[in-house]
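Subject: Structure for your review

Dear colleague,

Please find below the structure that I am handing over to you. My notes on charged and nonpolar side chains follow it.

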Amino acid sequence: MPNIKLVDAFTDFVEESTLPYRQMMTYYNCALMEVETKFKVLNEQFSLFYDRNPIESIHTRIKSQSSILKKLQKKNLALTIPNIEPKH
């Protein structure tokens with residue numbers, strides 16, 4: 001039977017270590033939702049006033065963890081938050 005204190009310590013370590021990554025991804029996801037909402041509003045307005053709508057569909061995505069890791073490896077970058085963050 002595993003040592004409960006050791007399991008708890010490991011769980012705490014993983015949660016603390018991944019917190020900056022989870023925070024960054026949450027902020028990124030919220031920003032995407034905000035932009036997507038603005039495009040949806042524009043889409044509704046164009047649909048109301050014009051016969052032709054330049055915004056036909058709106059899709060957003062966030063890279064998976066494995067995709068982010070592969071990209072860092074391909075670019076020979078360390079696994080750090082600054083290297084993961086999208087560049088503006």
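Where is lysine 75 found? Lysine 75 lies in the loop that runs between helix 2 (65-74) and helix 3 (81-84). Please bear in mind throughout that this is a predicted model.

Surface patches

Lysine 75 also belongs to a positive surface patch, together with Arg61, Lys63, Lys71, Lys74 and Lys87.

A nonpolar surface patch is present as well: Phe10, Phe13 and Val14 make up an area of about 320 Å². Of these residues, phenylalanine 13 is located in helix 1. Its relative accessibility is 53%, and phenylalanine 13 therefore counts as exposed, the cut-off for that class being over 50%.

Salt bridges

How many salt bridges does the count come to? The count comes to 2 salt bridges, and they are described in turn below.

As to solvent accessibility, lysine 38 has a relative accessible area of 53% and is exposed, whereas glutamate 34, at 48%, counts as partly exposed.

The other salt bridge pairs lysine 40 with glutamate 36, and here the closest N and O atoms are 3.9 Å apart. Lysine 40 and glutamate 36 are likewise 4 residues apart in helix 1, so the separation is about one helical turn. Lysine 40 is partly exposed, with a relative accessible area of 44%.

Glutamate 36

Is glutamate 36 buried or exposed? Glutamate 36 is buried, because its relative accessible area of 19% falls under the 20% cut-off. This residue sits in helix 1, which spans residues 4-49. Apart from its neighbours within four places in sequence, glutamate 36 is in contact with Ile58 and Thr60.

With kind regards

Notes
Residues numbered from 1 in each chain as written. Predicted model: local features only at pLDDT ≥ 70, side-chain atom pairs only at ≥ 80, totals over all residues. Heavy atoms only, no water. Helix = DSSP H or I, 4+ residues; strand = E, 2+ residues; numbered from the N terminus. Buried < 20%, exposed > 50% of the residue type's maximum accessible area, 1.4 Å probe, protein only. Contact = heavy atoms within 4.5 Å. Patch = residues over 30% accessible without salt bridge, like charges linked within 9 Å, V, L, I, M, F, W, Y side chains within 5 Å. Areas by Shrake-Rupley, 256 points an atom, 1.4 Å probe, with all protein chains shown as cover. Salt bridge = Lys/Arg side-chain N within 4 Å of Asp/Glu carboxyl O. Lys, Arg positive; Asp, Glu negative; His and termini not counted. Charge placed at Lys NZ, Arg CZ, Asp CG, Glu CD.
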